Structure formats: C-alpha cells, structure tokens
Amino acid sequence: MDKVEKKRQKEQHVVEEMIRLYCRKKHPKEDRQAGQICPVCQELLDYARLRSEKCPFMTEKTFCANCKVHCYKPEVREQIRQVMRFSGPRMLIYHPVLAVWHLICSKKESKK
Ligand SMILES: [Zn+2]
C-alpha cells in the first residue's frame, strides 16, 4: 500500500470514530441497532468516505478537517463541523493516539 493510500485510510478511520462517538452520545438509542450508528450518521459517514475517496489533495494535505471547507456541500459541512466540535476534544479520552495525530496534522496545516 502506498503512503497516500495509507493516509486516506487513516483519515477515514478518524472520521468514522468521531462520527461514532458523536452518534453514541448525541442520538437516541432507539435510532441505532446494537453496535451501529443511526441512519443519519451513516449517511454522513458515507459522504465523508466518498469525499475522501475522491479527494485530489490527498498527497499534499495532512487531514481533511482542513480541507473539508472546500469540498463538502454546505449542509453536510455544518453537520461534520458539529461532529468535530463535539468529538474532537473527546477523542483525547477515547482514542488518544488518533486525537494527537489529528491535532498535529491540523496544526501543521494551519501554519502554511
Ligand atoms: Zn447518529
């Protein structure tokens, strides 16, 4: 697997974990099947995956959070921003390694 592909997979993994966390805490249990996320969040995740899949900047950019601004459609962008805002800080507790990686990447990107 090449480097870009690896980065892509990692990015998708981070987004998935963030959405899962958000759904678990924010959405009613009744909307979810055991171990699953609700249909709304599933749709969001599918969209995020698709964007990542098609992202032409994968080689240069470090993480999608910095770049979503350009490629997500507005209503989805708002959705994902809420997820990031909620799950971002909490990722430190649940997925410290991913969270730190995400943080470093975002920092690097904003320096440019
Ligand atoms: Zn949900």
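Q: What puts two residues in contact?
A: Their C-beta atoms, placed from the backbone, lie within 7 Å. The model here is a predicted one, in which local features need pLDDT of at least 70 and side-chain atom pairs count only at pLDDT 80 or more, while totals for chains, interfaces and linings use all residues. Residues are numbered from 1 along each chain as its sequence is written.

Q: Why is α1 called roughly perpendicular to α4?
A: Helix α1 (residues 3–26) and helix α4 (residues 74–94) pack at about 100°, with axes 9 Å apart. Axes are lines fitted to C-alpha atoms, for helices over the stretch in contact, and angles run from 0 to 180 degrees between N-to-C directions. Under 35 degrees counts as roughly parallel, over 145 as roughly antiparallel, 65 to 115 as roughly perpendicular and the rest as oblique. The angle of about 100° therefore makes α1 roughly perpendicular to α4.

Q: Which residues make α1 meet α4?
A: From α1 come Glu17, Met18, Ile19, Leu21, Tyr22 and Lys26, and from α4 come Val83, Met84, Phe86, Ser87, Arg90, Met91 and Tyr94. By class, the contact of α1 with α4 has nine nonpolar, one polar and three charged residues. Here Ala, Val, Leu, Ile, Met, Phe, Trp, Tyr, Cys and Pro count as nonpolar, Asp, Glu, Lys and Arg as charged, and the others, Gly among them, as polar.

Q: Why is α1 called roughly antiparallel to α2?
A: The axes of α1 and helix α2 (residues 39–54) come within 10 Å and cross at roughly 165°, so α1 is roughly antiparallel to α2. On the α1 side the contact includes Arg8, Val15, Ile19 and Tyr22, and on the α2 side Cys41, Leu44, Leu45 and Ala48 are among the residues. Eight nonpolar, two polar and four charged residues form the contact of α1 with α2.

Q: How do you know that α2 is roughly perpendicular to α4?
A: α2 and α4 pack at about 105°, with their axes 11 Å apart, and that angle is what makes α2 roughly perpendicular to α4. Leu44, Tyr47 and Ala48 of α2 make the contact with Val76, Gln79 and Ile80 of α4. Of these residues, five are nonpolar, one is polar and none is charged.

Q: Why is Gln79 called buried?
A: Gln79 is in helix α4, and has 20 other C-beta atoms within 10 Å. A residue is buried if 20 or more other C-beta atoms lie within 10 Å of its own, exposed if 12 or fewer, and partly exposed in between. Gln79 is therefore buried. The C-alpha atoms of Gln79 and Leu44 are separated by 7.8 Å, although the two are 35 residues apart along the chain. Of the 112 residues of the protein, 25% count as buried.

Q: What makes up the largest nonpolar core?
A: A nonpolar core is a set of buried Ala, Val, Leu, Ile, Met, Phe, Trp, Tyr and Cys residues joined through C-beta atoms within 7 Å. The largest has 17 residues, of which Met18, Ile19, Tyr22, Cys41, Leu44, Leu45 and Val83 touch the most other members. α1, α2 and α4 each supply at least two residues, and the largest share, seven residues, comes from α1.

Conventions:
Helices (H or I, at least four residues) and strands (E, at least two) are DSSP runs, numbered from the N terminus.
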